Amino acid sequence: MKRSPDAQPIYVTQPSLPPLEEFIPYLQQIWDSKRLTNGGPFHQQLEQALCDYLGVQHIALFANGTLALVTALQTLRITGEVITTPYSFVATAHSLLWNGIRPVFVDIDPLTLNMDPERIEAAITPQTTAIMPVHCYGHPCDVERIEKIADNYGLKVIYDAAHAFGVHCRDGSVLDHGDLSVLSFHATKVFNTFEGGAIVCHDAKTKQRIDHLKNFGFVDEVTVVAPGINGKMSEIMAAFGLLQLKGIDAVLQKRQAVDARYREALAGVVGIDCLPAGDEQSNYAYFPVLVRPDYPLSRDDLYQKLQDHDIHARRYFYPLISDFPMYRGMPSAAPANLPVARAAAEQVICLPIYPDLSADQVDVIVAVIAGQR
Ligand SMILES: *Cc1c(COP(=O)(O)O)cnc(C)c1O
């Protein structure tokens, strides 16, 4: 049974946008000043505003999260092998290949779907220089254990924190952990600037190196200190970010309400498991569920059934990064090395979650999953 013919398709996410007329004054300022990019006034204001909001010391803005990941590795001069997760968006591992670094995949924890710290230690070799974990779906990694391992072996830690905007663990912002953390402000993320990203770091000297690297390596008009890239965020994006930041608390509240409604409604559905809600301050970025063998349909059949109702859930993260052709020949990509990640990739569906998803829409989605439609 289809939903009523006038019902709109429901996508896995829908970007939140402020009223257009509120953005016009920002545009007027840009037109008046004719400063379009290269660390203009909106860029500086957004860096400061994000430091204040997120509770971190230093932020360098980027044109997107992938350039920020690539530059983070350059910042710390990472080479050799980096231990990372196969259960993520491809950009995590791609940023390593762009730096000529070999990714070494380790398995994930079946409860959190984050990298399993036990496996990290076992994968360290003399070539290992760093660990690149992902706070998957915004759930914090075991940051304390990862820090201990990194300290013991003299490794750097760069977090792919693309999902973790605004997430706090017991001792403050999760972005404060590791040597660097990388954010994405892509249209599909909790906080968006259309495209965008950032590196969070702890000290002014590192921030300065990042700022050089994202501007071709320029220090001044005649001095270039590194083969930098063009990773700069433009003034339009930075201005938009300032406006978006005004609405972020309302966005997070609405996401929390959607998350709570799903959890309550899905609690009685046999074979559908939500990921455990942590005790941290979450951002409700995603709503992944695992379709277990005791659910009447396979994961792919449920995915298709939702599609037939014009509900477009996504199988994040499937396939595993380690299954793509540029990775699958690597020893660490062998299926026997990654059984938990493989099982998760075969069972997960991310259900639609965004601020304007109504309670009625959530109820319809759950009714389809529960077999009542
Ligand atoms: C979105 C995302 C990225 C890439 O960010 P972009 O801003 O799209 O370049 C990297 N890693 C993860 C885990 C992501 O979800």
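Rings of Phe, Tyr and Trp (its six-membered ring) pair if their centres lie within 6.5 Å; planes under 30 degrees apart count as stacked, over 60 as edge-to-face and the rest as tilted. By that rule, the count here is 17 aromatic pairs. This is a predicted model, where local features need pLDDT of at least 70, side-chain atom pairs count only at pLDDT 80 or more, and totals for chains, interfaces and linings use all residues. Residues are numbered from 1 along each chain as its sequence is written, and side-chain values use heavy atoms, with hydrogens and water left out.

**An aromatic pair**

- The rings of Tyr 26 and Phe 42 have centres 5.8 Å apart and planes at 45°, so this pair is tilted.
- Tyr 26 lies in helix H1 (residues 20–33) and Phe 42 in helix H2 (residues 41–54), so the pair ties together parts that are 16 residues apart in sequence. Helices (H or I, at least four residues) and strands (E, at least two) are DSSP runs, numbered from the N terminus.

**The ligand and its shell**

- Around the ligand are 14 residues, counted if a heavy atom lies within 4 Å of it. Thr 66, Asp 160, His 163, Ser 184 and Lys 189 come nearest.
- By class, this shell has 3 nonpolar, 9 polar and 2 charged residues. Ala, Val, Leu, Ile, Met, Phe, Trp, Tyr, Cys and Pro count as nonpolar, Asp, Glu, Lys and Arg as charged, and the others, Gly among them, as polar.
- An oxygen atom of the ligand is 2.8 Å from a polar backbone atom of Gly 65.
- A ligand oxygen is also 2.8 Å from an N or O atom in the side chain of His 163.
- For Lys 189, a polar side-chain atom lies 3.2 Å from an oxygen atom of the ligand.
- Taken alone, the ligand exposes 380 Å², and the protein buries 92% of that (Shrake-Rupley method, 1.4 Å probe).
- Helix H3 (65–75) and helix H4 (91–97) are the elements that give two or more residues to the shell around the ligand.

- Most residues other than glycine have a negative phi, and most peptide bonds are trans.
- A cis peptide bond joins Tyr 316 and Phe 317, with omega about 5°. Phe 317 is in the loop between strand E15 (311–312) and helix H11 (339–347).
- Tyr 318 and Pro 319 are also joined by a cis peptide bond, with omega about -10°. Pro 319 is in the loop between E15 and H11.
- Phe 216 has a positive phi of about 65° although it is not a glycine. Its place is the loop between helix H7 (204–213) and strand E11 (218–220).

Methods: A polar contact is a pair of N or O atoms within 3.5 Å; within protein, one must be able to donate a hydrogen and the other to accept it, and residues adjacent in sequence count only if both atoms are side-chain atoms.
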